Amino acid sequence: MRLVFAGAGASRGMALGRARLEQPSRFLIDERPLGEDEVDAELERLRLAIEAAREELQQLRRKLHGSTAREVAEFLDAHSLMLADRELTAGIYELIRKGRHRASAAVKMQRDRLVGIFEAMDDPYLRSRKEDIDHVIGRVQASLLRESSAEERRLAARVGEILVSDTVAPSELLPLAEHGVLGVVLTSGSSFSHSAILARSLRLPMIVAAHAALSAVHDDDLLLIDGESGEVVVHPTAQDLARYRNWQRETAQRSKQLALLRDTDTRTRDGVAITLHANAEAPTDVAQARTLGAAGIGLYRTEFLFLQRRELPGEEEQFLAYRDLVLGMQGRPVTIRTLDLGADKSDASGLVLDAEENPALGVRGVRLSLRLPQLLAIQLRAILRASAYGPVRVLVPMVSAAAEIESVRRMLAECARDLRSAGHEVAHNVELGAMVEVPAAALALGGMIHLVDFVAIGTNDLVQYTLAVDRNNDHLAHLYDPLHPAVLKLIAHTIHTAHRHGRRATLCGEMAGNRRYTALLLALGLTDFSMHPGLLLEVRETINGLDHATLRRHAAALLRAPTRERIARVLQRLGLPD
Ligand code: PEP
Ligand code: MG
């Protein structure tokens, strides 16, 4: 029966696919004991389920292509090997044969036992491998429990899967997308999380805070999700499918209309030129940024090179990645951010302290880099070597004190000197910038602006740290408010301070790509935006229709407004959405 429930849209687009619950411990477990005469049939059921799971993995492996194919193949092979591992499977057969448990219950018991062993391990890498057990067990459970109707299976067989889970780490998303997952529905999370940012970059529709999802959806249910409105339809009807086809048609039309703005100038109605840069996480973002006419890359998040892998990328590997990025932008400037691991972006290499009480206030961003200067030096050397191929800027995340910038600048100069004396070519003008994403950096910017060549305002974190609201916590989503007067004051102050000292200020948080905020940011004096390339043309279209002088005249009123409601009213008076 058709069922609809709502979450919050986190990555736009609709997807039609069959549900895959990634929560083995929540699968329907049949706890009834087996009768003696059922044992053989149950053993056979398990054998077939394991075989089906292995076949699925093989099929996925055959479909792999693209830059991450090798890593994903390793990951799939490891899972295939686990399914062939007697240690894992013999225990399950035993639980059926001797313990008279049904297959699903036996699989779950074995999963819990193995996860218990992994959790007790000291090595954080091995400990994190318990996720592999869950992936593998999840596949077996799903094969055991395929219960959808023949008609639904017929429809669903033509489409891929929609992941339904409670959370997903940024490091898991890329392989999921490569596996052919079409969309993601999460019971928790927020659209400002790094997972949501990555989902947008991968063009993977995502819904967060869909609290009912895990209890309302079963494996293999056909789902239609809308990553804009946050709606999840279970067992969509013919009417829903017609709506989906309509959306596909409209999206194609809209892209054609926006395509007319490719490679055109971005100018307000009264002729003020605005610069639009692109944020990039994946190589596809770079290609898109160039073809749509981005002025450059305003934020390249290097941490995605470090996630989903066992060992750290060395200088050569990083150099090649950065050089390709620079070459890909064909002479337009590329802003490479030094590693911003920590908080919700942890890796498998054990770099990030996993026992911090307060990871968002802990060793993340530049703090981690300065704790591990060897690691920072490798990254700076790789960036500097890439600077021989085109304009490169270095951006430092999570700056809260001038001393941090001084340390990075010193290291940058040392690395450049060492490289030159070793015969490498290094550009003479590699600019260094600070991200303003901690209120302290915004308020004290005047005291450190002389140390940097430019600033980048990271509103995703600036909102989080100004309002003391975890950007990933859906229970606080109503408090995570980019229109809060305190946030606007900090943004305006940062832009003003940077401009007064002849430095450019780019805003590269998610606000920059949301056209609801475009007029507001122009009013506050912003001239440089950086956003996901997929949003560039619609922001350009919005800017082209606005009058800069009128907006600037309202800056004081916006900054005086004591509440977000009053701010919204000023924007409405200007005829703009709040
Ligand atoms: C930000 O905080 O706004 C930002 C751009 O950085 P990230 O989202 O990667 O933390
Ligand atoms: Mg940030």
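The protein exposes about 24,600 Å², of which carbon and sulfur atoms supply 52%. The model is a predicted one. Its 578 residues are 54% buried, and the protein holds 26 helices and 16 strands. Among contacts with a separation of 6 or more, 71% are between residues 24 or more positions apart.

Glu437 and Asp461 are both buried.

**Ligand 1**

Around ligand 1 there are 17 residues, and those that come nearest are Arg301, Arg337, Gly458, Asn460 and Arg471.

| Residue | Protein atom | Distance to an oxygen atom of ligand 1 |
|---|---|---|
| His194 | side-chain N or O | 3.0 Å |
| Arg337 | side-chain N or O | 2.8 Å |
| Gly458 | backbone N or O | 3.4 Å |

Taken alone, ligand 1 exposes 290 Å², and the protein buries 100% of that area.

**Helix α14**

Helix α14 (residues 315–328) consists of 14 residues. From first to last C-alpha it reaches 19 Å, close to the 20 Å expected at 1.5 Å a residue. Its buried residues are Glu315, Gln318, Phe319, Tyr322, Leu325, Val326 and Gly328. An α-helix has 3.6 residues a turn, so residues three or four places apart point the same way. After α14 comes Gln330, which has a positive phi near 45°.

**Ile491**

Which helix holds Ile491? Ile491 lies in α21, which covers residues 485–500. Why does Ile491 count as buried? Its relative accessible area is 0%, and buried means under 20%. Beyond its neighbours within four places in sequence, Ile491 is in contact with Ile457, Thr459, Leu462, Leu507, Met511, Leu521 and Leu524. Ala442 is 49 residues from Ile491 in sequence, and their C-alpha atoms are 7.7 Å apart.

How values were computed: Residues are numbered from 1 along each chain as its sequence is written. Chains are lettered from A and ligands numbered from 1 in the order in which they are written. This is a predicted model: local features need pLDDT of at least 70, side-chain atom pairs count only at pLDDT 80 or more; totals for chains, interfaces and linings use all residues. Side-chain values use heavy atoms; hydrogens and water are left out. Buried means under 20% relative accessible area, exposed over 50%, partly exposed in between (1.4 Å probe, protein chains only). Helices (H or I, at least four residues) and strands (E, at least two) are DSSP runs, numbered from the N terminus. Contact means heavy atoms within 4.5 Å. Accessible areas come from the Shrake-Rupley method with a 1.4 Å probe; for residues, only the protein chains shown count as cover. A residue is near a molecule or strand if one of its heavy atoms lies within 4 Å of it. A polar contact is a pair of N or O atoms within 3.5 Å; within protein, one must be able to donate a hydrogen and the other to accept it, and residues adjacent in sequence count only if both atoms are side-chain atoms. The expected span of a helix is 1.5 Å times one less than its number of residues.
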